[in-house]
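Me: I have a structure open and I'd like to learn how to read it. Can you take me through some features one at a time?

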Amino acid sequence: ASSVMQAFRDGFWPAWEKSEGAAAGRARMAYASLCSGITLAQAGLGSVHGLASPLGAFFPIPHGIVCGTLVAAATRVNIDVLRRRDPGNPALRKYAEAGLLLAGRMYDSEEQAQDGLVELLDSWTQRLSLPHLSHFGMHDGDIERVVANCRGGSMQTNPIRLTDEEVAQILRTRL
């Protein structure tokens, strides 16, 4: 898992920005994509993909934009809920490991690494200029309908079951 995250970390921006090292970046991204596809087929998805289905059905939002624009918010909510309701859940350690690997730096605690992961994902959301959901016509009044239709298979493999209000919080963050 660490080699895959490192490949993504080191390959994404050169490939995206078509800078020096873009070819090597694309090769790293191909490896990361292959491994992530294998992993997702075995482990399932989570709240981001659970929300992608109704958002894509109700609004003209491309799937990749939905996933990209929600990933930081969903990660933040998942970590906060896990800390409150299930602090021994192994997903918290995995979030910390992802923070270490993607940031490429050490933190003083698992909690700081988890927070660092969210900060990093937020910064990527900004750097990529990912649009808010309102850009595609979604309004606060649509949140209830989206939440009511998000409980498919992907939501079942989220690290913790989120309440409707917790799911709505993810949407409000990126509205």
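**Reading a helix and some ring pairs**

Reply: Let's start with helix H5, residues 90-103: its 14 residues reach 20 Å from the first C-alpha to the last, close to the 20 Å expected at 1.5 Å a residue. Helices here are DSSP runs of H or I with at least four residues, numbered from the N terminus (strands are runs of E, at least two). The expected span is 1.5 Å times one less than the number of residues. This is a predicted model, where local features need pLDDT of at least 70 and side-chain atom pairs count only at pLDDT 80 or more, while totals for chains, interfaces and linings use all residues. Residues are numbered from 1 along each chain as its sequence is written, and side-chain values use heavy atoms, with hydrogens and water left out.

Me: Which residues of H5 are buried?

Reply: Buried means under 20% relative accessible area, exposed means over 50%, and partly exposed is in between (1.4 Å probe, protein chains only). In H5, the buried ones are Ala91, Leu92, Tyr95, Ala96, Ala98, Gly99, Leu101 and Leu102. Their cover includes helices H1 (2-17), H4 (63-85) and H6 (110-127).

Me: What caps the N-terminal end of H5?

Reply: Look for a polar contact: a pair of N or O atoms within 3.5 Å; within protein, one must be able to donate a hydrogen and the other to accept it, and residues adjacent in sequence count only if both atoms are side-chain atoms. Here Asn89 does the capping, with a side-chain oxygen 2.8 Å from the backbone nitrogen of Ala91. After H5 comes Gly104, with a positive phi near 70 degrees.

Me: How many aromatic pairs are there in the whole structure?

Reply: Rings of Phe, Tyr and Trp (its six-membered ring) pair if their centres lie within 6.5 Å; planes under 30 degrees apart are stacked, over 60 edge-to-face, and the rest tilted. A search finds four such pairs. Take Phe8 and Trp124: their ring centres are 5.8 Å apart and their planes sit at 55 degrees, so this pair is tilted. Because Phe8 is in helix H1 and Trp124 in helix H6, the pair ties together parts that are 116 residues apart in sequence. Trp124 counts as buried at 15% relative accessibility, whereas Phe8 is partly exposed at 25%. Ring pairs link Phe8, Phe12, Trp13, Trp16 and Trp124 into a cluster.

Me: Where does the charged end of Arg127 sit?

Reply: A charge sits over a ring if NZ of Lys or CZ of Arg is within 6 Å of the ring centre and within 35 degrees of the ring normal. The charged end of Arg127 is over the ring of Trp13, 3.6 Å from its centre.

Note on methods: Contact = heavy atoms within 4.5 Å.
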